[in-house]
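Hi everyone, thanks for coming. Please take a minute to look at the model on the screen, and then I'll walk you through it.

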Amino acid sequence: MSPAVSTRATRPACELSGIITSSKGVPAANATVALSQQGQALKQTVTDAAGAYSFTFYEALDGVDLTVTFESEAVSKTGLTLSLGERQKVDLKSVSFVSISGRVMDADERAVPAVLVQLMDGTTGGTPPVA
């Protein structure tokens, strides 16, 4: 007796997978990974203990956005394209959110309204413009 052979054709698929690491460089276990296209949610998953995720689609994708949130960190990659039969690996490192708050005061300790405040990265060597 010969083994059974399936005559069903397999559907071509495309796969997007990768590893998410935290800003500290360790695997981002339980990070939420979401795919969207033109603002519409397509799929969402959660990374495993190694920070790995994977999506499979049975149609080509164009202009897909990958968004990751992990604790107080996030990262995204936009404009991804996948053809049928393609396997694409996208590894990402999340970035910590930063929050800055305060009040701008004049020399007499009075609040100054409508002041433009700029956060500079410190690498340009220049000074911010005066508002």
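Before going on, some ground rules. This is a predicted model, where local features need pLDDT of at least 70 and side-chain atom pairs count only at pLDDT 80 or more, while totals for chains, interfaces and linings use all residues. Residues are numbered from 1 along each chain as its sequence is written, and side-chain values use heavy atoms, with hydrogens and water left out.

Back to N30. Its phi is near 70 degrees, a positive value in a residue other than glycine. Most residues other than glycine have a negative phi. N30 counts as exposed because its relative accessibility is 58%; buried means under 20% relative accessible area, exposed over 50%, and partly exposed in between, with a 1.4 Å probe and protein chains only. Q38 also has a positive phi, about 55 degrees. You'll find Q38 in the loop between β2 and β3, and at 76% relative accessibility Q38 counts as exposed.

Now the sheet. An open sheet of 5 strands runs in the order β3-β2-β5-β6-β9, with antiparallel pairing. Two strands pair if DSSP finds at least two bridges between them. The edge strands are β3 (40-46) and β9, each pairing on one side only. Between β2 and β3 there are 6 bridges, and A34 stands opposite Q44 in β3.

The bridge partner of L66 is K77 in β6. These two strands form a hairpin with 2 residues between them, and E71 in the turn has a positive phi of about 50 degrees. On to β9 (residues 95-96): 2 antiparallel bridges join β6 to this strand, with A74 opposite V95.

Is S94 buried or exposed? S94 counts as buried, because its relative accessibility is 3%. Its side chain makes a polar contact of 2.4 Å with that of E73. By a polar contact I mean a pair of N or O atoms within 3.5 Å; within protein, one must be able to donate a hydrogen and the other to accept it, and residues adjacent in sequence count only if both atoms are side-chain atoms.

Finally, the inside. The largest nonpolar core has 20 residues, and those with the most contacts inside it are L16, Y53, F55 and L66. Such a core is a set of buried Ala, Val, Leu, Ile, Met, Phe, Trp, Tyr and Cys residues joined through side-chain atoms within 4.5 Å. The largest share of this core, 5 residues, comes from β5. Y53 and F55 are both buried. Leaving out residues up to four places away in sequence, Y53 touches L16, I19, V33 and L66, among others, where contact means heavy atoms within 4.5 Å.

That's my tour, so over to you for questions!

Methods
Helices (H or I, at least four residues) and strands (E, at least two) are DSSP runs, numbered from the N terminus.
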